[in-house]
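Trainee: I would like to go through the side-chain packing of this model with you. Could we have it on screen first?

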Amino acid sequence: MNANGQLDLADPGLLRSQCLIDGEWIDARSAETLAVCDPSNGATIARVTNASQIEAGVAIDAAEAAFATWHHADPSERSRILRAWGELVEEHREDLASLLVTEQGKPMNEARGEIDYARGFIDWFAEEARRIYGDVIPTAPGRRLFVEKHPIGVVAAITPWNFPAAMITRKVAAAIAAGCTVVLKPSELTPLTALALGELAVRAELPSGVLNIVTGMPEAIGAKLTSDPRVRKLTFTGSTKVGKLLAEQCAPTLKRLSLELGGNAPFLIFEDADIEPAIDAVMQSKFRNTGQTCVCANRIYVHDAIHDEFLKGLCAKVESLRIGSGFDERSTQGPLINKAAVEKASRLVEDALRNGASIAFQHDCSPLKNSGTWFPPTIVTGAHEEMAIAKEEIFGPVAVLYRFSDDATAIESANGSASGLASYVATRSPARMLTLASQLEFGMIGINTGQISDPIAPFGGIKESGYGREGSKYGIEEYLDLRTVAIAGLPLPTKLGDDQDCVSALVNHGTTRRG
Ligand code: SIN
């Protein structure tokens, strides 16, 4: 930001405000726009197109038309374009990070980390584009049985505000690598990063219509994306409530779905844990993005024998956090995304206190309170499972401690949630590590670490945290259909030397058996 509070990018061409459809930047037919705000001070940073069902429909037209050629593009070409996109993301890292700080609020260091994470997905799927292998299944003589993988078609991607870059590339790079085309609807709270990524995709010479970006309010655009039969797949990251609604809306056209929904991650700290590293892991998981991740430790279970020592160390670490604008390089905690997020965190803490919990430590955010949407990093102790704070995702910088005294109860408590995204454990015992790896009912388990996310590892949940996996070798499968090809009546090789004839016959689709 410059001294006038305006976005000051090294490459001002990255600041886009219109929708990207079929390679063109366009306004809504209604000419409506919506404000994008800086959560650290509430100021309007920019206005972007408020698209409707009309623009969503035009974007689907473009994606459908582009699919006809992108589907058949040489995988090496898809890979080359993705690599070029990744290189541009790297080249514009600082500008992209500044956009993230401005519209999302995360501290600059984390913003740079998110851009690297986002690029990691592009690079990963640039490689995977060339590794979409099928299978040959052994079968009877004179028959061949193949499994081919084909891109699903037009994909709608609806992405959240908490990782405005990485949640886009995790979906879009995989879809594009697979040969699909995309209509992306980024969060209305953080569209600027999405549009900058779109601008870089255009510069990387991604053919028109392969990536279309429609900005605006979710209801109208979502209704079109979920009901149009030409959209064959919906990928969504966001709340469980909205995920269920989207699944319902997709049911009449039976779209494939990937849903990365809410979590309620437990973090179990056993009596044999190394306390300092366990505290670091909790800090890493709980306070990343000011507590606004689906994989944040939401329930921290600490063994009685080490509870007080752990709490003392955690208080010291939380006290050392620095709250402030993400543009201040010393800040480690930014604002929450909006007023509703602050109200939710406040409601959950107040409910816990009313029901017998206490605050062990809380930062003083009062100097910041007059502007922006801040919530003080807080440690709550004495919580129990009947409290709302144990059942809902806090999505804020509140570390809530529960006590336990035996493994079986801890595992039962950890699993006692409808969510099943991430979980964490701190222990030195290899036996415990293996037991927990098999008994915790979650899509991801971090043992002695607060960080699982990595482009090379599958990310996703079970139970009400959704289904489908992103990143890793599994991520591309979400955008591919299997096609079984059974060929009968092929010539049988009878003796050495006949094989070549058989191959020619197969290539020429010959079906006559040689005599
Ligand atoms: C999320 O919060 O949805 C994603 C977090 C991550 O990728 O680590």
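Trainee: How many aromatic pairs does the structure hold?
Mentor: The structure holds 5 aromatic pairs, counted when ring centres of Phe, Tyr or Trp (its six-membered ring) lie within 6.5 Å, with planes under 30 degrees apart called stacked, over 60 edge-to-face and the rest tilted. One of them is the tilted pair of Tyr 117 and Phe 121, at 4.9 Å centre to centre and 55 degrees between the planes. This is a predicted model, in which local features need pLDDT of at least 70, side-chain atom pairs count only at pLDDT 80 or more, and totals for chains, interfaces and linings use all residues. Residues are numbered from 1 along each chain as its sequence is written, and side-chain values use heavy atoms, without hydrogens and water.

Trainee: Is Phe 121 buried or exposed?
Mentor: Phe 121 is buried, at 1% relative accessible area (buried is under 20%, exposed over 50%, partly exposed in between, with a 1.4 Å probe and protein chains only). Tyr 117 is buried as well, at 11%.

Trainee: Changing topic, which ring does the charged end of Lys 106 sit over?
Mentor: The ring of Phe 163, 4.0 Å from its centre; the criterion is NZ of Lys or CZ of Arg within 6 Å of the ring centre and within 35 degrees of the ring normal. Lys 233 lies over the face of Tyr 479, at 5.0 Å from the ring centre.

Trainee: And what is the relative accessible area of Thr 226?
Mentor: Thr 226 has a value of 1% and is buried.
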